[in-house]
Amino acid sequence: MADDASRKRKVRGRKIRSDQSRKESRKAKKELARKANGSERTGDSPLSDPEEVTPEPFVETDAVRSLRGRITGWLEANQPVHLIGPTGCGKTALALSAAAERGRPVVWLNGDDAVDTAALVGDHAGGERYKEDDRFVGGVTKQTEIVRERWVDNPLSVAVREGATLVYNEFSRSDPAAHNVLLSVFEEGVLERPGKRGEDRTIDVHPEFRAILTSNDVEYAGVHRQQDALLDRFVGVQVDYYDEETEREIVRAHVDLPDERVEAIVDATRALRDDLEIVVGTRAAITAAKGLSVFDGQGNGEFNDELLTKVFTDVLAPKIAGEGADDVDDLRTEIGEAI
Ligand SMILES: Nc1ncnc2c1ncn2[C@@H]1O[C@H](COP(=O)(O)OP(=O)(O)OP(=O)(O)O)[C@@H](O)[C@H]1O
């Protein structure tokens with residue numbers, strides 16, 4: 001039975017088959033990452049307009065709106081928000097939607113082992129050489145070569161100066177030492193740029209600067225334990241997989257399939273999530289729906305549990321990659337049983 005959430009839903013963007021020029025959130029994320037990473041090399045601005053970052057399609061049910069309202073509410077109270085939840089539950093889409101809702105420019109950062117302080121705040125990008133002619137005695141020319149160091153600000157510096165909303169995806173994948181500079185940003189409203197000399201070594205944080213950080217809950221607990229002093233300054237919003245109707249709406253928004261197929265996929269996704277040890281996120285449901293829209297449509301098999309099992313085995317096999325064919329067979333059996 002459809003609940004209120006579905007009746008009041010609002011979908012931004014179109015389904016994949018009806019709009020080939022779609023800007024899927026993955027693509028949008030890539031573009032944001034390109035901007036953020038490229039800024040170091042090219043000097044391009046890592047700032048994006050809020051309209052550019054709104055994920056498409058984006059489904060808004062009561063559940064989605066309520067979570068986003070919590071995020072934007074805490075941001076209004078000037079609290080950095082840490083979104084924690086399992087893989088593929090919709091953290092990034094939610095963070096980008098909340099960031100877009102603020103109407104301020106958005107800066108995107110992706111956490112990984114290579115992120116250090118310089119990657120956050122900026123660095124010297126080599127010297128700029130130029131020659132100066134000095135005619136100090138009539139008829140005599142002296143040429144002096146001058147090397148001036150060029151400093152390039154990286155995403156955090158740009159975000160705090162411009163009052164942007166920083167979306168720091170999977171921040172717990174970065175080395176905690178890189179995040180020391182965040183302490184004074186959140187506590188004293190000042191960003192220090194180690195490596196930069198002179199009086200502009202520090203930047204005063206713009207009053208509209210805000211941050212949303214996301215972490216996968218498994219990695220958050222395990223990979224790099226971030227320092228307590230930093231975690232103390234965030235509010236944590238725990239997110240989980242959406243309710244059944246919201247998941248259906250999300251799948252429907254991404255793939256053009258009859259309702260009963262969408263229902264079967266979401267039912268299977270939720271059963272697999274309960275029964276299997278691997279993580280089965282909403283992304284897996286969308287991928288299975290994309291597969292089904294092709295295989296079912298091409299008559300490669302009637303729509304039945306067997307086809308559903310095959311599709312989900314392909315979708316989930318990468319999670320056990322390298323464990324051998326027997327394990328994929330076991331996975332197929334487990335999936336068949338759960339479905
Ligand atoms: N409200 C929504 N409307 C439409 N699609 C959504 C919505 N929420 C999530 N999705 C889709 O679900 C999939 C997973 O979402 P997302 O990438 O945001 O999850 P995540 O929790 O950030 O995943 P990961 O931990 O792997 O980074 C994506 O394909 C995304 O487009």
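Predicted model: local features only at pLDDT ≥ 70, side-chain atom pairs only at ≥ 80, totals over all residues.
Colleague: How many helices and strands does the chain have?
Modeller: There are 15 helices and twelve strands. Those are DSSP runs numbered from the N terminus: helices are H or I with at least four residues, strands E with at least two.
Colleague: And what share of the residues counts as buried?
Modeller: 47% of the 339 residues. Buried is under 20% relative accessible area, exposed is over 50%, and partly exposed is in between, using a 1.4 Å probe and protein chains only.
Colleague: How many aromatic pairs are there?
Modeller: Four, from a search of the whole structure. Rings of Phe, Tyr and Trp (its six-membered ring) pair if their centres lie within 6.5 Å; planes under 30 degrees apart count as stacked, over 60 as edge-to-face and the rest as tilted. Take Tyr168 and Phe171, an edge-to-face pair with 5.8 Å centre to centre and 70 degrees between the planes.
Colleague: Why do Tyr168 and Phe171 count as buried?
Modeller: Because the relative accessible area of Tyr168 is 1%, and that of Phe171 is 0%. Phe171 also pairs edge-to-face with Phe234, at 5.8 Å centre to centre and 80 degrees between the planes.
Colleague: Where do Phe171 and Phe234 lie?
Modeller: Phe171 is in the loop between strand 8 (165-169) and helix 8 (180-188), and Phe234 is in the loop between helix 10 (228-231) and strand 12 (235-238), so their pair ties together parts that are 63 residues apart in sequence. Ring pairs link Tyr168, Phe171, Phe186, Phe209 and Phe234 into a cluster.
Colleague: How do helix 11 and helix 12 pack?
Modeller: Their axes are 9 Å apart, at an angle of about 125 degrees. Axes here are lines fitted to C-alpha atoms, for helices over the stretch in contact, with angles from 0 to 180 degrees between N-to-C directions. Among the residues making the contact are Glu247 and Val251 of helix 11 and Val262 and Arg273 of helix 12.
Colleague: What does Arg273 sit over?
Modeller: The charged end of Arg273 sits over the ring of Tyr241, 3.7 Å from its centre. To count, NZ of Lys or CZ of Arg must be within 6 Å of the ring centre and within 35 degrees of the ring normal.
Colleague: Last one: where is Gly85?
Modeller: Gly85 is in strand 4 (residues 81-85), and counts as buried because its relative accessibility is 0%. The C-alpha atoms of Gly85 and Gln238 are separated by 5.9 Å, though the two residues are 153 residues apart along the chain. Leaving aside neighbours within four places in sequence, Gly85 has contacts including Lys91, Ser215 and Val239.

Definitions and conventions:
Residues numbered from 1 in each chain as written. Heavy atoms only, no water. Contact = heavy atoms within 4.5 Å.
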